[in-house]
Amino acid sequence: MAVPTDILWERDLHTAAKHTLLRRYQSAWFPIMARRFREDGITFFDGFAGPGKYTNAQESSPLIAMEQALRSDVAGLRTPIRLVFIEADRRRAEHLDNLLNARHQQSIRPPDLVVGVHHGKCGDLYEQAIAEVGGWSGPVFANLDGWGVDTDYKIVQRVAQQQSSEVLVTFQDQFFIRFADGDQEAGERVFGHSEWRQVDQLATAAKTPFLLDLYRQGLHTAGFPHVLTFEMIDEGGHSLHLFFGTTSDVAVRKFKDGLWEVDGVSGQRFRDPRDPDQMSFDILRPDFTPLANGIVELLGGRDYSMAQLCKHALLETIYKETHVKPVVDSLLEQRRVELAHTGRSYEDRVLRLAEQSLF
Ligand SMILES: C[S@@+](CC[C@H](N)C(=O)[O-])C[C@H]1O[C@@H](n2cnc3c(N)ncnc32)[C@H](O)[C@@H]1O
């Protein structure tokens with residue numbers, strides 16, 4: 001998508017899918033976190049907030065957050081909730097501020113809800129904008145949804161230092177591939193170092209995996225032990241990567257639940273960037289081949305229990321833990337794998353590669 005210059009622009013399919021995911025995830029995040037952090041409070045930070053709506057849609061990340069914060073089961077907890085928005089384009093920042101005030105008048109907002117709209121660059125303002133509402137005293141969910149090339153690494157690092165915080169980053173690999181020998185300053189800011197420039201020396205097929213892996217490592221190093229990444233591909237073949245960094249495997253589970261609940265995300269294909277075969281599939285008609293191949297590959301190294309395979313699926317792939325059993329059942333049926341040890345629990349049931357039969 002060309003970068004829009006008007007205040008509002010048309011929402012594309014990627015963005016619609018992102019909104020669906022965000023709403024589903026936030027509908028779990030707000031009540032869970034507001035219950036857990038009643039004293040410290042919670043912060044939704046939108047570093048690239050946009051104008052609040054589209055020429056063809058009334059939905060946007062700021063309005064999704066506002067809606068969730070106002071839910072009676074969230075607002076009723078009286079937890080301090082801060083919504084912090086930053087937008088670099090003055091017209092869009094004003095549009096968002098006016099829209100939030102028109103849709104949710106200040107006078108009827110709960111007293112524990114603070115909303116701040118700031119005009120300026122995310123990298124310049126985030127520290128102060130979050131500090132001035134007391135946001136650094138509790139967990140921060142940072143939605144870093146720029147044009148895919150503009151999230152400074154220092155922001156990710158700062159959020160990662162904060163207990164129970166999370167980031168959702170939009171990442172556009174093509175920009176870095178195109179400009180590895182040109183606009184290097186952006187790459188330095190996003191990756192936090194110059195190693196990414198090696199992409200220029202790599203064969204075409206190796207460029208994207210290299211950048212995605214490097215960015216993923218960066219999120220780990222920043223302090224997120226779990227990094228879920230997936231690629232969305234629209235009908236025109238345009239692709240966009242999302243990285244979700246968290247310290248909690250419960251959060252990974254919730255995020256995946258959102259991803260795999262299908263309605264509203266149709267028209268998109270999804271790909272696990274770590275799948276060596278780079279297979280993409282419609283989430284409405286999932287293909288479990290990459291998960292099956294991944295399990296066979298793991299078992300080629302050593303035996304694994306069902307519990308370990310579920311953990312692998314959850315934390316290292318686009319698939320859910322519940323996808324493992326049917327895939328393993330089918331591998332057992334095909335005699336590609338066999339039970340090395342059986343038992344009632346997933347910990348007890350251990351799988352290994354099947355002996356190749358000669359006949
Ligand atoms: C992809 S749009 C955001 C869409 C929004 N999150 C939503 O879901 O509706 C990116 C926005 O970031 C703004 N932007 C670009 N660079 C920025 C920066 N350095 N700091 C803050 N905002 C920026 C753009 O003006 C644009 O409105």
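Analyst: Two strands pair if DSSP finds at least two bridges between them. Strands (E, at least two residues) and helices (H or I, at least four residues) are DSSP runs, numbered from the N terminus. The model is predicted: local features need pLDDT of at least 70, side-chain atom pairs count only at pLDDT 80 or more, and totals for chains, interfaces and linings use all residues. Residues are numbered from 1 along each chain as its sequence is written.

User: Which residue is the bridge partner of Val337 in β12?

Analyst: In general, strands of a sheet pair through backbone hydrogen bonds, either parallel or antiparallel. Here, Val337 has Leu353 of β12 as its bridge partner. Four bridges join β11 to β12 (residues 350–353), and the two strands run antiparallel.

User: What is the order of the open sheet of three strands?

Analyst: The order is β10-β12-β11, with antiparallel pairing. Its edge strands, each pairing on one side only, are β10 (304–305) and β11 (337–341). Helix α11 (residues 289–301) lies across β10, β11 and β12, at about 85° to β12. Such angles run from 0 to 180 degrees between N-to-C directions, with axes as lines fitted to C-alpha atoms, for helices over the stretch in contact. Two residues are in contact if their C-beta atoms, placed from the backbone, lie within 7 Å.

User: Do β2 and β3 run parallel or antiparallel, and how many bridges join them?

Analyst: They run parallel, and seven bridges join β2 (residues 81–87) to β3. Glu87 stands opposite His119 in β3.

User: Which domains does the assignment give?

Analyst: Domain bounds come from an automatic or database domain assignment. For this chain, the assignment gives domain 1 (13–280) and domain 2 (289–353). Their centres, taken over C-alpha atoms, are separated by 32 Å.

User: How many residues of domain 1 are in contact with domain 2?

Analyst: 13 residues of domain 1 are in contact with seven residues of domain 2. On the domain 1 side, β6 (226–233) and α10 (249–260) are the elements that give two or more residues. The largest share, five residues, comes from α10. This side of domain 1 divides into five nonpolar, one polar and seven charged residues. Ala, Val, Leu, Ile, Met, Phe, Trp, Tyr, Cys and Pro count as nonpolar, Asp, Glu, Lys and Arg as charged, and the others, Gly among them, as polar.
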